[in-house]
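Please keep the sequence and the model at hand while reading.

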Amino acid sequence: MSDSTGMALTPEWDDDERMNFMFSDFKENRDVNTTDWDSKMDFWTALVLKSCRDRGTVCVSLLELNKTFRRKDKSPLGLPTVLQSMARCGKIQRESEFAANVDCGWLSWGVGLLLVKPLKWTFSTLLGSSRVPLEESFVVIELVKEKAAELLKVYRSSEFSNSSILSFQELCSLSSDVCADESTLCMALLQLQRDKQVTVFLHEGEKIVKFCQPGQDRVSPVSDVDIGIYQLQRSEKLLGERVEKLGLEADKCKAEARMLLQEGKKSQALRCLRGRKRVEKRADNLFAKLESIRGILDRIAQSQTDKMVMQAYQAGVAALRLSLKDVTVERAENLVDQIQELCDTQDEVNQTISSGVIGADEDMDELEEELKSLLDESKPDFVSGLPEVPAGGLRPSREPNLPGEDLLSSLPAVPYRPLNITPEQLEEELNQLTLTDSGVEQKKMTSPAKRLEPAQ
């Protein structure tokens, strides 16, 4: 690794004192100094993961790490110990063990399908030696899970998402931006197969990958229907390519005929046009076959949709039957009768309570009558000395009411017999009166008999 690349991995790369400690070998016993041991192990573990992630690979070997982390013509001495520690913690795993853990067996992948390059079973692996071979390849579990998730996401967002089956070559082209090489793609497929998201099989010497469809927990086994659908899709693709090729050939014949006609070679131009007609006829026949295949694929897709709908109906019927297990018509009628009985009881209770309230109202009316009679008895007698209230009706007024007219109209009627009184006595009587806001008030009280006494 150059100094610039080392700086991209860690800012401590130019610190000679720090790097001399990191490049030194681990102590045989961790208990001698656990702090130094753990700090060195954490440093190299993080650096291994970062270097693999930056290169876009999920596999690593001791030989590659020695080249990657080389500094001033020196390689870290503790990398074998780091790989052994990561293997014990489950962070990395030998390629052979990783492939063997898949249900179909690693031989089916490594030899039968030729997806994984031949894996070397060394004597150190069989005998359990603590030495790490330089060329032994390890799979970084964290990174291969990330690649598997990215690959599945790319497939589901591509044009192939409607088809559960596609060839390995199509998958290679589809995942070129995710997987740096074919080995990385194979490791990602192994992880997806371990997660029950894909299955890989061989058909007529061609590797085929089947993906789990949305809504399914795991991928279903490959059936004859899947193989038939794949063959139809393959035929559709081939016919489409041939129709396109024939269309280009027909356009070429037409261009040649036009050029020959301009040169005056009419007979040759006619031959080109005849050839164009034959090519177009072949293209029409192939296009008709292509449409037939597309129609079959559409019917298959529709039948799969109908199957999903039927399964949903069956699940709904089962759930409804389970939910109505303890519900019967007799039980419902019994519940309705009980509710009606309770409602009748409540109505009777309300009627009884209302009757009690009416009796209380009657007692209250009697008390009100008694109180009224007491008030009538306690009223004071009329004040004596006031004039009697006139029995006759009041004369209707012809003019609008004037101030004090209400008070004057309430006075007794003026006698019509002539009074023997002089104008001087009337003037004196008038001076003894004054007009207030509340009516006419006398300044000095005199008896009416004396005021109205006729003049002698």
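This is a predicted model: local features need pLDDT of at least 70, side-chain atom pairs count only at pLDDT 80 or more; totals for chains, interfaces and linings use all residues.

Residues are numbered from 1 along each chain as its sequence is written, and side-chain values use heavy atoms, with hydrogens and water left out.

**Overall make-up**

- The protein has 17 helices and 8 strands; helices (H or I, at least four residues) and strands (E, at least two) are DSSP runs numbered from the N terminus.
- Of the 456 residues in the protein, 28% are buried. Buried means under 20% relative accessible area, exposed means over 50%, and partly exposed lies in between (1.4 Å probe, protein chains only).
- The protein exposes about 32,400 Å², and carbon and sulfur atoms supply 55% of this area. Accessible areas come from the Shrake-Rupley method with a 1.4 Å probe, and for residues only the protein chains shown count as cover.
- Among contacts with a separation of 6 or more, 63% are between residues 24 or more positions apart; contact means heavy atoms within 4.5 Å.

**Nonpolar cores**

- In soluble globular proteins, nonpolar side chains tend to be buried together.
- A nonpolar core is a set of buried Ala, Val, Leu, Ile, Met, Phe, Trp, Tyr and Cys residues joined through side-chain atoms within 4.5 Å.
- The largest nonpolar core has 36 residues, of which Trp44, Leu65, Phe69, Leu83, Phe98, Val140 and Met187 touch the most other members. Helix 3 (residues 34–55) gives this core its largest share, 8 residues.
- Another core, of 19 residues, lies apart from it and includes Leu151, Val200, Val209 and Phe211.
- Leaving aside neighbours within four places in sequence, Phe98 is in contact with Gln93, Val139, Ile141, Val144, Met187, Leu190, Gln191 and Arg194.

- Strand 5 (residues 198–203) is largely enclosed by the rest of the structure, because 5 of its 6 residues are buried.
- Strand 5 and strand 6 (residues 206–211) run antiparallel and are joined by 6 bridges; two strands pair if DSSP finds at least two bridges between them.
- Val198 has Phe211 of strand 6 as its bridge partner, and Val200 stands opposite Val209 in strand 6.
- The hairpin of strand 5 and strand 6 has 2 residues between the strands, and Glu204 takes a positive phi near 55 degrees there.
- Strand 6 also pairs with strand 4 (residues 165–167), in the antiparallel sense and over 3 bridges. Lys210 in strand 6 is the bridge partner of Ile165.

**Salt bridges**

- A salt bridge is a side-chain nitrogen of Lys or Arg within 4 Å of a carboxyl oxygen of Asp or Glu. The count by this rule is 16 salt bridges.
- Arg71 and Asp16 meet through their side chains in a salt bridge (2.5 Å, N to O). Arg71 lies in the loop between helix 4 (62–68) and helix 5 (79–88) and Asp16 in helix 2 (residues 16–23), so the pair ties together parts that are 55 residues apart in sequence.
- Arg71 is buried at a relative accessible area of 8%, whereas Asp16 is partly exposed at 35%.
- Arg94 forms a salt bridge with Glu136, with the closest N and O atoms 3.7 Å apart. This pair links distant parts of the chain, 42 residues apart: Arg94 is in strand 2 (residues 92–94) and Glu136 in the loop between helix 8 (123–127) and strand 3 (137–140).
- Arg94 is buried, with a relative accessible area of 18%, and Glu136 is buried at 8%.
- Lys265 and Glu263 form a salt bridge in which the closest N and O atoms are 3.7 Å apart. Lys265 is partly exposed at 37% relative accessible area, and Glu263 is partly exposed at 48%.

**Surface patch**

- Val309, Met310 and Tyr313 form a nonpolar patch on the surface, with about 310 Å² of accessible area together. Patches are made of residues with over 30% relative accessible area and no salt bridge, where like charges are joined within 9 Å and nonpolar side chains (Val, Leu, Ile, Met, Phe, Trp, Tyr) within 5 Å.
- Met310 belongs to helix 13 (residues 266–323) and counts as partly exposed, at 46% relative accessibility.
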